[in-house]
Amino acid sequence: MSEMLGKDKKYVWHPFTQMQTADDPLEIIRAEKTTLYTADGNSYLDCNSSWWVNVHGHCHPHIGKAISEQFSRIDHVIFAGATHPKAVELAERIINILPKNKFHKVFFSDNGSTSVEVALKMVFQYWHNQNQPKKRILALDGAYHGDTFGAMAVGQRGYFNEPFEHFFFQVDQLDFPIKTKEEQLLNEAEQLFKTNEFAAIIVEPLIQGSSGMKTYSKKWLDQLISLAKKYNVLVIFDEVMTAWGRTGKLFAMNHCTETPDIVCLSKGLTGGVIPLGLTVTTDKIYKAFLSDEKTKALLHGHSYTGNPLACAAACASLDIFENQETWDSIDLICKLNLKFSMRLKDSIKIKEIRQCGTILAIELNSKEGNNYFSNLRDIAYRYFLENNLLIRPLGNVIFINPPYSITEIELKKTYKIIENFINR
Ligand SMILES: Cc1ncc(COP(=O)(O)O)c(C=O)c1O
């Protein structure tokens, strides 16, 4: 056992990991573009962009330069009672790339979960400040919004959050909108909204990530938002996973006609380099917090709120999204994913293939169903590692959402290995 691994085992507690039975972690000592290099001389193609964050490839020189230049100016500064150029630049640029004239204010936090916590606090306090306390939230079955308490409360209940469930606030869950249930679910939502007790609805727009990259109709989503607006229910889009080109457009909401009241951003925001979360909202919501009473303010913050290095990385990532080359790569991944899914579609081993932009998910037939801890998941994960791919299946769902720097050759190699696994 290497010294690093020995010390890792002695001192480190890894996330989402049963430390007693887990395989040894990969010892990554270098990362470049799409590839991760290990201490034992191996390399792995990072097909899931390192927990779906690393959109431009690893160690992108433009982001590295921006962080380094920022460090020579301001490393970190308190964000209450102070501001700095990169936070202001980032906020302005975010407002300008979201649908025109729809969003006005950016609140900074640390990651995807905190961006959701902030959104939930915003909606509850929005109603509270107007003396109309509304306590119910509507979420979709299968949702994942993060691992902090509010984010867990609006997520799918089950073995992930069972020990904490008795602490959660009331959340109503609408079934996942499969085609045959769309109409019925809109009726159910309308009945709930009519109670006038709902503060907000929260969704992962167009595709649920952690539940197995499950896609649903944009028309249905537009109809649900229209209903929510009709009954004065606020709408939160959790775009932590879906933003930054993942669905083929910059934001998932760019596929829709309607827009939400609040959007949560993180993951690829900094190019997947430094943690940062944003909760972006409208003047309508912001104004409900303006008052002579100090307690009506949004009394929420984190020590690292608006960290200048993270903001500089995010601005640099936005620069890269301004390059046509990035969008050519996104288009190519979308096209090749579609072609590959057409090739596989008749395989008897496959229950369903889902494609949403740069995300390709293959749900395999399995006796264990979509169980996160399934045997099939472990077998697939190890098979891909043996073939120098880092792919972390979600139960029986094998999926890729690669960095946009992936080459056609790398992508075709990935497809081949996935196909070999399926045909084994
Ligand atoms: C849709 C969605 N929301 C929120 C989160 C939580 O983000 P983080 O892991 O940065 O806390 C995730 C993470 O996977 C996510 O997919």
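Select K86, A87, E89, L90 and R93 in α4 together with P308, C311, A312, A314, C315 and L318 in α10: these residues meet, contact being a distance within 7 Å between C-beta atoms placed from the backbone. Helices (H or I, at least four residues) and strands (E, at least two) are DSSP runs, numbered from the N terminus. The residues of this contact divide into eight nonpolar, no polar and three charged. Here Ala, Val, Leu, Ile, Met, Phe, Trp, Tyr, Cys and Pro count as nonpolar, Asp, Glu, Lys and Arg as charged, and the others, Gly among them, as polar.

This is a predicted model; local features need pLDDT of at least 70, side-chain atom pairs count only at pLDDT 80 or more, and totals for chains, interfaces and linings use all residues. Residues are numbered from 1 along each chain as its sequence is written.

Now show the whole of α4 (residues 85-97) and α10 (residues 308-321). Their axes are 8 Å apart and the packing angle is about 40°. Axes are lines fitted to C-alpha atoms, for helices over the stretch in contact, and angles run from 0 to 180 degrees between N-to-C directions. The two helices are therefore oblique to each other; angles under 35 degrees count as roughly parallel, over 145 as roughly antiparallel, 65 to 115 as roughly perpendicular and the rest as oblique. Viewed as a crossing, α4 and α10 are left-handed, that is, the near helix is turned anticlockwise from the far one by less than a right angle.

Next, select the ligand. It is surrounded by 14 residues, the closest being N111, G112, S113, G146 and V240; a residue counts as near if its C-beta atom, placed from the backbone, lies within 6 Å. This shell has four nonpolar, eight polar and two charged residues. Helix α5 (residues 112-129) gives the most to the shell, with three residues.

Select the open sheet of seven strands, ordered β4-β12-β11-β10-β7-β5-β6, with mixed pairing; strands pair if DSSP finds at least two bridges between them. Its edge strands, each pairing on one side only, are β4 (105-109) and β6 (171-174). β4 and β12 (residues 277-281) run antiparallel and are joined by five bridges; V106 has V280 in β12 as its bridge partner.

Finish at the open sheet of four strands, in the order β1-β2-β3-β15, also with mixed pairing. β1 pairs with β2 (residues 35-38) in the antiparallel sense over four bridges.

Technical notes:
Contact = placed C-beta atoms within 7 Å.
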